[in-house]
Amino acid sequence: MGRVWKYGNDVNTDVIFPGKYTYKIMSDEEMASHALEDLDPNFAKEVKQGDVIVAGKNWGYGSSREQAVKCLKAAGIKAIIAESFARIYYRNCINLGLPAITLKREDIEKFDDGDEVDVDIEKGVIVNKSKGFEIHFPPFEGYVMDIIRAGGIIEYIRMQQGKE
Amino acid sequence: MGMTLTEKILARASEKKEVEPGEIVTVEPTWVMSHDNSAAILLKFKKTGMKKVWNPKKIVIILDHTVPAPTAEYANNHTSIREFVKEQGIENFWDINTGICHQVMAEKGYDLPSAVIVGADSHTTTPGAFGAFAAGIGRSEVAAIWATGKIWLRVPESYEIIVNGEMPKGVFAKDLALHIIGDVTASGAVYKAVEFKGETIRNMSIASRMVLTNMSAEMGAKNGIVEADKKTEEYLKNRARAPYKILHSDEDAEYEKKYEYDASDLVPKIAFPHTVDNVHDIDKAEGININQVFLGTCTNGRVEDLEVAARILKGKRINPDVRMLVFPASWEVWREADEKGILKTLAEAGAVIMNPGCGPCLGAHEGALADGEKCLSTANRNFKGRMGNPNAEIYLGSPATAAASALKGYISDPREVL
Ligand code: SF4
């Protein structure tokens, strides 16, 4: 269970994780403390484990910096649900083990900031408890599901290697 | 429901009957390519803790970006790659005496119809000219493939770009590519598969088709693709490194967007600084003084490109205020151009013939521009600072426009000298 943090279209990687920090090596907590700093100063202070982001089109366009995914994961975000994702951001999400879910605009519009939701990654269901509805999405399969379960592609490779 | 060519290839590679846009599939690539950046990739690979790559036969490494090494640091990188290649038994390794990766992939028979090719370079869209699915990926992803042999791909939506009509004299694939990019814009096809069709494309040489798929990256496309045909098979004779299958898109395939062009309307085009989609007809650029002409790159460094330049410059001298640098795309191109007397003609006209490789394209070495200088380049990118100096300007055009401009000393219409 977590709450929805609702944002609009075209949120770029600079406001997700400010460029001025990208060349500083940071711990996960430190990264989390700067997440969405320039878009929503309350986010980093109030976000809790299991919360989700719901956004419009083209979430995460701009640079290929992985920190823009890592900072949200470190902040406790369980999934990002958007109408569409920038290509590299989407790849980074999966490869870092943060589920990126695409929904149609009509479905995105059903969510409001602060809604209580439950996302079941395995089954492909989002339950909105505040509004009392369910939305299904095609669950990840095979290799991608393995990467998400492992928490990222590097972790997945390490686990595979342990098996050999 | 019908499938596009890209969908068919991804369905086949993921052993599915059908795939649709948005679906994620996992495939074992036919080849995974990297270049000088293999030095960074192998460090990432080592971090995974794996000792051996999944399959050394599927890894292709081509040194081309900074060859021969301009500094000790680059030389050390090259050496670390050579050592890794030996240690892992990677046979598909091409050292500094081969050429630009995207050209070498074609010449050495890796670019095959319906192959899935991924590479750590944004212009890995090039093999699409052979009817392959080919896309650029990140370095970490290459390291992950070296480790696991797998990559996941989101099936892209397809655009169809239909070109009919005969190309007028003095107008080439580069002009068509620039025209399309100017129209679609630099972000107009982000993540899409762009499929080039129509009689103009069918009549084009393989080298010219490669210009289109190479430049697909400049509209943001995931991949660019042309259906393979007789010409493709002809080219692949004695080259193909693996069996291949020619696939076609279905009649009822669904395309998200359709663009149609009449080639007979085209004129030579120029992309003005600093974006590739800042495209204008040649007359708007005519007369802009230039200091350097750069003929080469994975976009336009093939024999037909050097040949047209030689045709324009035969028996003439380039303008004394212009430096013309010629970088054949590979040593195979170099040798053929040499045998045909093309290199001699260009040298006699005053051009400097350089070694095959990326050369000044990415601004890492050779042929740097001074502050305030302007360059007419046949490359695919004109971003600020791309050739190493943010205070210089890069104009993009066809090899014919490059030669005509070298002759005059300013950007000129090649139709007047051809
Ligand atoms: S020639 Fe230029 S665009 Fe082509 S691979 Fe080399 S650096 Fe990249």
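Glu218(B) counts as buried, at 5% relative accessibility (buried means under 20% relative accessible area, exposed over 50%, partly exposed in between, with a 1.4 Å probe and protein chains only). Its partner in a salt bridge is Arg381(B), with N and O 3.0 Å apart (a salt bridge is a side-chain nitrogen of Lys or Arg within 4 Å of a carboxyl oxygen of Asp or Glu). Welcome to a predicted model, in which local features need pLDDT of at least 70, side-chain atom pairs count only at pLDDT 80 or more, and totals for chains, interfaces and linings use all residues. Residues are numbered from 1 along each chain as its sequence is written, chains are lettered from A and ligands numbered from 1 in the order in which they are written, and side-chain values use heavy atoms, with hydrogens and water left out.

**Salt bridges within the chains**

- Over all chains, the count comes to 28 salt bridges.
- Arg381(B) also counts as buried, at 15% relative accessibility.
- Arg381(B) sits in the loop between β17 (374-377) and β18 (393-396) of chain B, and Glu218(B) in the loop between α8 (206-216) and β10 (223-226) of chain B, so their pairing ties together parts 163 residues apart in sequence. Helices (H or I, at least four residues) and strands (E, at least two) are DSSP runs, numbered from the N terminus.
- One network, made of salt bridges that share partners, joins Arg154(B), Glu157(B), Lys192(B) and Glu256(B).
- Asp250(B) pairs with Lys8(B) in a salt bridge, where the closest N and O atoms are 2.8 Å apart.
- Because Asp250(B) is in the loop between α9 (230-236) and β11 (257-262) of chain B while Lys8(B) is in helix α1 (residues 5-13) of chain B, this pair ties together parts 242 residues apart in sequence. Asp250(B) is partly exposed, at 27% relative accessibility.
- In chain A, a salt bridge joins the side chains of Asp112(A) and Lys131(A) at 2.7 Å, N to O.
- Asp112(A) lies in the loop between α6 (105-108) and β5 (116-120) of chain A, and Lys131(A), 19 residues apart from it, in the loop between β6 (125-128) and β7 (133-136) of chain A.
- Both ends are partly exposed: Asp112(A) has a relative accessible area of 40%, and Lys131(A) has 39%.

**Where chain B meets chain A**

- Contact (heavy atoms within 4.5 Å) involves 20 residues of chain B and 17 residues of chain A.
- About 1700 Å² is buried between the two chains, and carbon and sulfur atoms give 60% of that area. Buried area is the accessible area (1.4 Å probe) that two parts lose on being put together, summed over both.
- In chain B, the residues losing the most area to chain A are Ile24(B), Thr48(B) and Trp152(B), together 34% of what that side buries.
- One salt bridge is counted between the chains; Glu141(B) and Arg91(A) form a salt bridge with their closest N and O atoms 2.7 Å apart.
- On the side of chain B that touches chain A, the elements giving two or more residues are β1 (24-27), α5 (139-148) and β7 (151-154) of chain B. Of these, α5(B) gives the most, with five residues.

**Nonpolar cores**

- The largest nonpolar core has 102 residues, and among the members touching the most others are Phe43(A), Leu72(A) and Trp146(B). A nonpolar core is a set of buried Ala, Val, Leu, Ile, Met, Phe, Trp, Tyr and Cys residues joined through side-chain atoms within 4.5 Å.
- Beyond its neighbours within four places in sequence, Leu72(A) is in contact with residues including Ile16(A), Trp59(A) and Leu98(A).
- A second, separate core of 40 residues includes Tyr159(B) and Leu325(B).
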